[in-house]
Amino acid sequence: MLQHILIAVDGSPSSHHAANQGFGLARQTRAKVTLVFVLETPPVIPVGPLSGYVMTAPPRTEADLAKARAELHELARDAGVPVETRVELGAPADVLCELAERLGVDLLVVGARGLSAGSRWLLGSVSDRIVHHAPCPVMVVRERKR
Ligand SMILES: Nc1ncnc2c1ncn2[C@@H]1O[C@H](COP(=O)(O)OP(=O)(O)O)[C@@H](O)[C@H]1O
Ligand SMILES: [Mg+2]
């Protein structure tokens, strides 16, 4: 039985579509929902003995946090089910898998693609990693072709 669904959003239309599918499932099953946005923190990569370190993502600001919270609240408002929202920091796929484990959710819902939708791959790197490493069932929502 579905009692608790974790839904991951990243600001992309694909993730909003996935969230709405997840909400629909929650309405039918009376599952509770946790909606999460992971603010990607810069991984620090060593690049040789003398050159120091390179950051591959910008550091996160209060404005990023406020924007993520606002997006979550807007989605939650129209969900039609009780939704708990949270913003986490870290590497998205790892954080999502850890959170799914920690909360003991029955299903993790993600979009097939996210913000870098221009690429030739069918699945984004986060959804790909989640399909391989999640500790629970996963629903990857691809938008229907019209
Ligand atoms: N930072 C994030 N926080 C929460 N969910 C995320 C994050 N990044 C990706 N996701 C989830 O994974 C799905 C696929 O995104 P991703 O694999 O990053 O694709 P892309 O490579 O197109 O950006 C998104 O629709 C969203 O559900
Ligand atoms: Mg992405």
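Strand S2 (32–40) gives four residues to the shell around ligand 1, the largest share. The model is predicted: local features need pLDDT of at least 70, side-chain atom pairs count only at pLDDT 80 or more, and totals for chains, interfaces and linings use all residues. Residues are numbered from 1 along each chain as its sequence is written, and chains are lettered from A and ligands numbered from 1 in the order in which they are written.

**Ligand shell**
- The shell around ligand 1 holds 23 residues, and Ala8, Gly111, Gly114, Gly124 and Val126 are the closest; a residue belongs here if its C-beta atom, placed from the backbone, lies within 6 Å of the molecule.
- Two or more residues each come from helix H1 (13–29), strand S2, strand S6 (107–111) and helix H4 (125–133).
- By class, 11 residues of the shell are nonpolar, nine polar and three charged; Ala, Val, Leu, Ile, Met, Phe, Trp, Tyr, Cys and Pro count as nonpolar, Asp, Glu, Lys and Arg as charged, and the others, Gly among them, as polar.

**Fold**
- The protein has four helices and seven strands, which are DSSP runs numbered from the N terminus (helices H or I, at least four residues; strands E, at least two).
- Their order from the N terminus is β-α-β-β-β-α-β-α-β-α-β.

**Sheet**
- Five strands make an open sheet with parallel pairing, in the order S5-S2-S1-S6-S7; two strands pair if DSSP finds at least two bridges between them.
- Strand S5 (83–90) and strand S7 (138–141) are at the edges with a single partner strand each, so one side of each has no neighbour in the sheet.
- Neighbouring strands are turned against each other by 25 degrees on average, direction ignored; axes are lines fitted to C-alpha atoms, for helices over the stretch in contact, and angles run from 0 to 180 degrees between N-to-C directions.
- S6 and S7 run parallel and are joined by four bridges; one of the bridge pairs is valine 109 with methionine 139 of S7.

**Helices on the sheet**
- Helix H2 (residues 62–77) packs on the sheet and touches S2 and S5, with its direction at about 155 degrees to that of S2.
- Helix H3 (residues 92–103) lies across S1 (4–8), S2, S5 and S6, at about 150 degrees to S2.

**Burial**
- Of the 146 residues, 29% count as buried, that is, 20 or more other C-beta atoms lie within 10 Å of their own, with C-beta atoms placed from the backbone.
- In H4 the buried residues are Val126, Ser127 and Ile130.
- These residues lie on the same side of H4 because they cover an arc of only 95 degrees around the axis, taken from the directions from the helix axis to the C-beta atoms.
- H3, S6 and S7 are among the elements that cover the buried residues of H4; contact means C-beta atoms, placed from the backbone, within 7 Å.

Technical notes. A residue is buried if 20 or more other C-beta atoms lie within 10 Å of its own, exposed if 12 or fewer, and partly exposed in between; C-beta atoms are placed from the backbone. Two residues are in contact if their C-beta atoms, placed from the backbone, lie within 7 Å.
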